[in-house]
Amino acid sequence: MIRQRGPQPAGAVRENGPKREVTGTLVKVLLHSRTDRGMSLEPFASRCVRAGEVHELVTTDQRDTAAGARIDRVGFLGFAEIAKAGVLDRGDEVYVGEHRVGTVLGFDACHFPNHYNVLIAAEHLLTGEKLDLRPELPVRFVPRL
C-alpha cells in the first residue's frame with residue numbers, strides 16, 4: 001500500500017521524493033585555487049551520475065545559482081570516481097573522508113562529456129592541500145532532508 005501525505009496547498013507542486021546517497025572515491029588530489037576561473041553554472045539543479053564516471057570537485061564561496069552565473073572564485077579538491085550511481089542535487093551535502101566540505105551549488109560542463117565540475121558551496125575556498133586529502137578517501141553526496 002502506498003501512503004500519501006496529507007492534503008497539499010492548492011497549486012503546490014511536489015517533485016522530489018527520497019533518494020539514496022551517491023558514493024565514490026577520491027582518485028586524484030588537486031592543490032590550487034583561482035579567483036578568475038570563469039566557470040559557467042549550468043541551468044540544471046541536478047545531474048545523474050553513473051558508476052565508474054570521474055567528476056571534478058570544486059569549492060566556491062560564491063552563491064549565485066542563476067543559469068549561466070559566472071563562477072570565478074574556486075578551490076580545487078580533486079577528482080572522484082562514482083561508485084554508486086544516482087542523482088546529485090543542488091543542496092546535497094558533500095563529504096570527503098571525514099570532512100564536510102559544503103553543499104552542491106551546481107554544475108559546470110566546460111569539460112563535458114569528459115567530466116562535470118561539481119561546484120560545492122563552502123564558507124571559504126578549500127583545496128585538496130588545505131584539507132590534507134589523499135587518494136582513496138571516500139566521497140559522499142548526502143541528500144538534504
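Here, buried means under 20% relative accessible area, exposed means over 50%, and partly exposed lies in between, with a 1.4 Å probe and protein chains only. The model is predicted, so to speak of local features takes a pLDDT of at least 70, side-chain atom pairs count only at pLDDT 80 or more, and totals for chains, interfaces and linings use all residues. Residues are numbered from 1 along each chain as its sequence is written, and side-chain values use heavy atoms, leaving out hydrogens and water.

Start at Asp-72, in the loop between strand S6 (70-71) and strand S7 (74-84); strands are DSSP runs (E, at least two residues), numbered from the N terminus. Asp-72 counts as buried because its relative accessible area is 17%. Leaving aside neighbours within four places in sequence, Asp-72 is in contact (heavy atoms within 4.5 Å) with residues including Arg-34, Asp-36 and Gln-62.

Now for the backbone. The peptide bond from Phe-112 to Pro-113 is cis, with omega near 15°, and Pro-113 sits in the loop between strand S10 (99-108) and strand S11 (117-121). Further on, the loop between S11 and strand S12 (138-142) holds Asp-132. Although not a glycine, Asp-132 has a positive phi of about 55°. Glu-136 lies in the loop between S11 and S12 too, and has a positive phi of about 85° without being a glycine. How accessible are they? Asp-132 is partly exposed because its relative accessibility is 48%, while Glu-136 is exposed because its value is 62%.

Technical notes
Helices (H or I, at least four residues) and strands (E, at least two) are DSSP runs, numbered from the N terminus.
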